[in-house]
Amino acid sequence: MRFIPVLCLTVHLAGGIRGAVPETDGRTGPRRTPETPRVFGSYTNLNAWNLRSADIRSQILTSAGLAPLPARTPLEARVFGKVDGDGFSVEKVQLQTSPGVYLAGNLYRPASGTAPFPAVLCPHGHWPGGRLEQTETVHV
């Protein structure tokens with residue numbers, strides 16, 4: 001068995017450490033749950049919203065491990081297997097999100113109309129081969 005050394009640092013706030021948690025820190029208030037009402041800020045102008053939008057985007061990308069963003073690679077998109085329905089069509093879609101990694105799903109589109117019109121992209125893949133899986137239990 002191999003042991004991995006772990007560095008453990010204990011901080012005691014009662015000991016008067018500089019930079020203590022400010023009184024306005026949300027972590028010091030009541031614990032939030034899924035039932036806790038969410039109060040959203042209001043934005044009086046586009047500049048205020050753009051600043052908040054950039055902050056939200058940065059937080060999402062950082063939380064997803066995508067900061068900084070990885071280098072873009074060619075998507076090598078494939079659209080195939082069109083099936084026509086009553087006023088719509090469904091096509092299989094495959095995108096290469098990074099070299100050798102594929103995202104597959106279905107693209108639902110109206111059969112006719114004047115652009116712009118809605119389209120729905122529904123990604124799939126909660127098993128090893130995703131939408132490309134061809135086994136006894138999963139056959140697409």
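Biologist: Where is proline 116 placed?

Modeller: Proline 116 lies in the loop between strand 3 and strand 4 (120–124). Helices (H or I, at least four residues) and strands (E, at least two) are DSSP runs, numbered from the N terminus. The model is predicted, so local features need pLDDT of at least 70 and side-chain atom pairs count only at pLDDT 80 or more, while totals for chains, interfaces and linings use all residues. Residues are numbered from 1 along each chain as its sequence is written, and side-chain values use heavy atoms, with hydrogens and water left out.

Biologist: Which residues does a cis peptide bond join?

Modeller: Most residues other than glycine have a negative phi, and most peptide bonds are trans. Here a cis peptide bond joins alanine 115 and proline 116, with omega about 0 degrees. Another cis bond, also with omega about 0 degrees, links alanine 67 and proline 68. Proline 68 belongs to the loop between helix 1 and strand 1.

Biologist: What phi does glutamate 76 have?

Modeller: Glutamate 76 has a positive phi of about 45 degrees, although it is not a glycine. Glutamate 76 is found in the loop between helix 1 and strand 1.

Biologist: Why does glutamate 76 count as exposed?

Modeller: Buried means under 20% relative accessible area, exposed over 50%, and partly exposed in between (1.4 Å probe, protein chains only). Glutamate 76 counts as exposed because its relative accessibility is 51%. Of the 140 residues of the protein, 12% count as buried.

Biologist: In what order do the elements run from the N terminus on?

Modeller: The protein has 1 helix and 4 strands, in the order α-β-β-β-β from the N terminus.

Biologist: How many residues does helix 1 have, and what distance does helix 1 reach?

Modeller: The expected span of a helix is 1.5 Å times one less than its number of residues. Helix 1 has 18 residues and reaches 25 Å from its first C-alpha to its last, close to the 26 Å expected. After helix 1 comes glycine 65, whose phi is positive, near 75 degrees.

Biologist: How many bridges join strand 1 to strand 2?

Modeller: Two strands pair if DSSP finds at least two bridges between them. Strand 1 (residues 78–84) and strand 2 run antiparallel and are joined by 5 bridges; the bridge partner of aspartate 84 in strand 2 is serine 89. These two strands form a hairpin with 3 residues between them, and glycine 87 in the turn has a positive phi of about 90 degrees.

Biologist: Where is aspartate 86 placed?

Modeller: Aspartate 86 sits in the loop between strand 1 and strand 2. Aspartate 86 is exposed, with a relative accessible area of 78%. The C-alpha atoms of aspartate 86 and proline 110 are separated by 9.1 Å, although these residues are 24 residues apart along the chain.

Biologist: In which sense do strand 2 and strand 3 pair?

Modeller: Strand 2 (residues 88–98) and strand 3 (residues 101–110) pair in the antiparallel sense over 10 bridges. Lysine 92 has asparagine 106 in strand 3 as its bridge partner. The hairpin of strand 2 and strand 3 has 2 residues between the strands, and glycine 100 takes a positive phi near 80 degrees there.
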